[in-house]
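Welcome to a short tour of this structure. Please have the sequence and the 3D view open as you read.

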Amino acid sequence: METMIGKVAFITGAARGMGRAHAVKLADEGADIIAVDACAEFDSTDYPGSTVADLAETVKLVENRGRRIVARQVDVRDPDAVVAAVADGVEAFGRLDVVIANAGIIRVSDTDERARTFRDVVEVNLIGAWNTVDAAIPALIAGGRGGSIVLVSSTQGIRAAGTERAGVQGYAASKRGLVALMQVWADQLAEHSIRVNTIHPSGVATDMILNETTMRLSAAGDPWLASQLNALPIALLQPGQIAAAVAWLVSEDASFITGTSWPLDAGFTLRS
């Protein structure tokens, strides 16, 4: 059933993985899409970045579903570029209804560049999410129709696993910080019927996990990776599963839900 006919969703990190899954699922539900992604390598990560070709594939998948899409190569750390992308999308489609702040990076391996790695992860995951939502709020309020904002956090934002690795520490800190931002925005925007929630997936089958570095660490019995087990016998969630949950969360069926942190984790956070 198409629950998003006539609505517009702004999605960051949309070139692949969960971001692409969100774009495709909401297009299936009838939404037009504003999609951004850096489409670049990050020096502080230990896996390949997305590409312009990846973003073009997202565009193709959305258009194949009969929906419109405005796609821009944007690094969410650049607030002016994020504002411009939102403006382009609103000019093209005339409105904005949904924001999914999905862009994020991690480094799971050790690094000699500890301070730089920690800072880069926090800047993309936390400051980038702030740039995303801050750029979108004026259009959401101006629409006068309410709206829904979803910040893509992680189980690490609920229960951080102990590690000395700067990239994982930055990831956990940034994902926990998203909960604080969510609570502030949920209270601030409630009078406008704009809902704000965080989701907290455990491991998802995306390039962030399915890459040479992570596979090598896993094969070597890395203790941190070994601690990242779900309660259910599900090794990794699928991007489409997360997108289906988010599609419900941003729909009218969830119009009473705001200020919540929703674990989508196969029982990961049940483990002590």
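Thr-163 is buried, because its relative accessible area is 16%, where buried means under 20%, exposed over 50%, and partly exposed in between (1.4 Å probe, protein chains only). You will find Thr-163 in the loop between β5 (147-152) and α5 (166-189). Helices (H or I, at least four residues) and strands (E, at least two) are DSSP runs, numbered from the N terminus.

A polar atom of the Thr-163 side chain lies 3.1 Å from the backbone nitrogen of Arg-165. Once neighbours within four places in sequence are left aside, Thr-163 is in contact with Val-168, Gln-169 and Trp-224; contact means heavy atoms within 4.5 Å.

## How the model is read

This is a predicted model, in which local features need pLDDT of at least 70 and side-chain atom pairs count only at pLDDT 80 or more, while totals for chains, interfaces and linings use all residues. Residues are numbered from 1 along each chain as its sequence is written, and side-chain values use heavy atoms, with hydrogens and water left out.

Helix α4 covers residues 114-143, and at 1.5 Å a residue its 30 residues should span 44 Å; the end C-alpha atoms are 43 Å apart, which agrees. That expected span is 1.5 Å times one less than the number of residues. At Glu-123, α4 bends by about 35°, the bend being the angle between axes fitted to the seven residues ending there and the seven starting there. Gly-144 follows α4 and has a positive phi, near 65°.

Asp-120 is found in this helix, α4. With a relative accessible area of 10%, Asp-120 is buried. Not counting residues up to four places away in sequence, Asp-120 touches Ser-44, Arg-77 and Ile-105.

## The whole chain

Stepping back, the protein chain has eight helices and seven strands. Its C-alpha atoms fill a box of roughly 50 × 35 × 35 Å, taken along the principal axes. For 272 residues, a compact globule would have a radius of gyration near 19 Å, and the 17 Å of the protein chain agrees with that. The radius is taken over C-alpha atoms, and the globule rule is 2.2 Å times the number of residues to the power 0.38.

Of the 272 residues, 55% count as buried. Among contacts in the protein chain with a separation of 6 or more, residues 24 or more positions apart account for 78%.

Definitions and conventions: A polar contact is a pair of N or O atoms within 3.5 Å; within protein, one must be able to donate a hydrogen and the other to accept it, and residues adjacent in sequence count only if both atoms are side-chain atoms.
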